Amino acid sequence: MNPTRRTVLVAAGAAALLPSAPALAATRPKTGATPPYASYWYPDSLPSGTPGTGITWRSLKSWRAADDADLAFNAASVPLAARFTPTPANTTARSGQARIQALVSFAPTSGNPSQGSATADYYALTHWAYLDELVFWGGSSGEGLILAPNAPIVDAAHRNGVPVLGNIFLPPTAYGGQLQWTRDLVQKDASGHCPLAAQLVAVAAAYGFDGWFVNAETGGGNTALGQAMLGFVKELKALAAAKGQRVTWYDAMTVNGTVGWQGALNSQNQAFFQAADALFVDFRWSAGTLVSSGTKADQLGRSRYQLWAGVDVESNGSDTAVNWDAIVPSGQSHITSIGFYRPEWTRNHLPADQRAPEDFHAADDRFWTGRSLDPSRPDPGDPWRAPALSVADRSTVASLPFATVFNTGHGLRWYEDGAVTSDTAWNHLGLQDRLPSRRWVVRTAGERPAVTFDFADAWRGGSSVLVDGALDQPVVVDLYASRLPIGGNTVVELTYRTDAGAVHVEPAVATAEPSGAGATPPYTYPAVTSVGEGVNGWQTVTVPLTGLTGTVHALGVRLTATAGPVRWRLGGLAVRDAVTAPAAPSGGRVTAATGGDLRLAWDAAPGTVRHYELHRLLPDGTRHFLGGTCERAFFLTGLQREQGESAARFELRAVGELYNASTPVTVTHTW
């Protein structure tokens with residue numbers, strides 16, 4: 001592709017080529033276009049001196065939504081989805097007991113792009129099914145202490161039913177912490193209320209995330225400060241609960257105001273646990289202190305699974321030595337829940353030249369699924385007790401239409417209908433699909449093929465599912481646990497491509513749960529009577545669920561090779577009734593411009609929208625994908641004027657759950 005057309009890719013989506021709509025000519029904005037970044041603040045007072053390059057010091061106390069120039073880029077739009085727990089994939093994973101919290105640093109505190117960036121080297125978390133809470137970890141004394149998660153992360157988590165917490169980090173004095181910042185956080189106004197508690201709840205409501213993780217580690221406090229902090233947490237929790245938000249307390253500051261990591265729930269932090277929704281138990285725990293902590297939670301009338309036992313995996317990831325029997329013992333009730341600190345090790349430990357998406361996902365699957373890489377048959381000898389071994393997965397696939405193009409939220413290029421429409425690497429978690437949670441359950445009497453996400457080709461987005469192997473016996477790949485209602489017109493659609501060998505493809509559909517934990521879903525295989533014409537080598541089959549009634553409980557695909565070995569890609573899956581195109585957005589406009597950097601905004605399309613996509617119309621008549629977002633604002637950087645072009649033309653579309661697109665709104669920007 002012409003290098004002058006390599007616009008920075010900020011997000012992703014897919015749409016059919018549709019006729020253009022009347023253009024909305026953009027007036028020349030008077031303000032410059034600056035990149036939007038994830039927000040961070042100090043509670044009130046700022047450090048002395050001047051901030052470093054690229055850092056902006058801000059006071060949360062003075063924040064107002066109306067004055068937040070980047071709010072439209074940072075405010076998540078996907079609501080928190082309801083979840084259900086299907087029959088576990090194995091006999092050791094349990095529901096209703098231990099759950100998992102993860103403290104993840106996706107990027108530095110400052111300079112974290114609001115809407116993705118032009119690299120595939122990113123912690124594209126996909127194993128949401130095992131998570132109950134995600135903390136947007138970060139903060140530093142030189143940048144800011146209070147972090148609001150950026151919209152792509154919240155949107156992806158919410159699609160999978162996972163709440164996301166912002167982080168309040170009052171650092172140890174050894175890392176530049178100042179006790180004044182703690183006092184700022186808990187200060188009271190003339191009415192006796194904590195104004196920063198109200199500000200925190202207002203930020204979470206405006207930004208669309210789910211509450212706060214409070215980590216007070218600055219030493220030097222006293223009992224008065226401890227009591228002030230306790231009052232602050234109580235007020236924060238009361239205000240948060242009224243907005244459907246939550247508060248987790250980190251085991252650091254004690255009730256006497258000093259910092260003393262307990263590694264337990266005890267008299268030194270019990271009041272904070274009672275004031276909050278959950279407690280992250282510091283890494284200093286032992287088997288005995290977790291037992292006593294669980295007992296104390298029971299005595300307080302609280303669930304012991306509201307205690308996250310900290311497991312530090314930042315340095316060694318799935319090679320970390322953990323006393324798992326102290327948390328999730330085999331053959332007994334779980335003692336507490338699990339709190340992973342920095343599981344993004346699965347990306348960070350890879351050498352810079354080995355951070356291809358495939359390398360990251362291999363390490364991430366090892367971390368979450370275990371050495372067997374199949375949650376239906378965990379390896380009992382694996383010293384790393386992966387979440388899939390102990391914790392029942394959950395799903396949000398419970399309504400029609402449901403569709404996926406197996407987009408992991410990052411990629412090496414962007415595809416639409418099997419063709420490359422941008423050759424720029426990218427990441428944007430907000431465009432991530434709901435992905436198969438049980439990676440990878442493969443059922444066959446023969447040789448097990450390799451099943452992976454692959455980034456060398458895709459139907460839409462940046463990735464597809466690749467099945468590679470002999471296929472000497474029929475193979476069923478489990479894909480989704482679901483609760484999808486079957487109507488008279490319900491169909492399953494599969495879009496796939498065979499790269500080597502020859503294979504007969506059938507959907508696998510189960511209308512009941514398995515007979516028990518670890519059992520195979522009772523699949524039927526609706527007949528494929530016709531295959532549509534191929535597009536760029538990809539085939540789409542539409543299979544009516546004739547004769548099936550009730551609810552789809554499990555979805556998969558059965559492959560029977562007629563010639564091998566086989567390399568086969570699944571690019572799309574949908575379960576739907578009627579197809580309705582989404583309505584178009586309106587009011588597309590350029591709100592700021594500096595050279596080839598633009599800020600765009602628009603008014604929401606009515607009805608249900610999965611995300612929005614932006615393409616550039618080039619003078620030669622081609623369409624180039626620029627990015628996508630779930631929000632109603634978008635930043636473009638590095639645009640260049642094409643030869644003979646007096647104005648850049650952009651097409652904006654709303655994309656529905658079935659990846660069908662609205663008619664476009666055309667926005668122009670005069671050079």
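**Entry 1, strand β20.** I began with strand β20, residues 475–485, and found nine of its eleven residues buried, so the strand is largely enclosed by the rest of the structure. I note here that the model is predicted. "Buried" in my entries stands for under 20% relative accessible area.

I then looked up the partners of β20. Strand β17, residues 442–444, pairs with β20 in the antiparallel sense, and I have three bridges written down for the two.

Next I traced an open sheet of three strands; its order is β25-β26-β29 and the pairing is antiparallel. Which strands stand at the edges? I find β25 (586–594) and β29 (633–636) there; each has a single partner strand, so one side of each is left without a neighbour in the sheet. From one strand to the next, the twist averages 20°.

I looked at one pairing of this sheet in detail. Strand β26, residues 597–603, runs antiparallel to β29, with four bridges between them. The pair I marked is L600, which has F634 of β29 opposite.

I moved on to a loop residue. A264 sits in the loop between β8 (246–250) and α6 (270–275). Is A264 buried or exposed? Its relative accessibility is 5%, which is under the 20% limit, so I count A264 as buried.

I listed what A264 touches, leaving aside neighbours within four places in sequence: D251, N269, L279, V281, T289 and S293. I also took one C-alpha separation: A264 and V291 are 27 residues apart along the chain, and their C-alpha atoms are separated by 9.0 Å.

Last, I looked up a histidine in a strand. H624 belongs to strand β28, residues 623–629. The relative accessibility of H624 is 3%, so this residue counts as buried as well. What does the side chain of H624 reach? I found the backbone oxygen of T421, at 3.1 Å.

Terms used: Residues are numbered from 1 along each chain as its sequence is written. This is a predicted model: local features need pLDDT of at least 70, side-chain atom pairs count only at pLDDT 80 or more; totals for chains, interfaces and linings use all residues. Side-chain values use heavy atoms; hydrogens and water are left out. Buried means under 20% relative accessible area, exposed over 50%, partly exposed in between (1.4 Å probe, protein chains only). Contact means heavy atoms within 4.5 Å. Two strands pair if DSSP finds at least two bridges between them. Axes are lines fitted to C-alpha atoms, for helices over the stretch in contact, and angles run from 0 to 180 degrees between N-to-C directions. A polar contact is a pair of N or O atoms within 3.5 Å; within protein, one must be able to donate a hydrogen and the other to accept it, and residues adjacent in sequence count only if both atoms are side-chain atoms.
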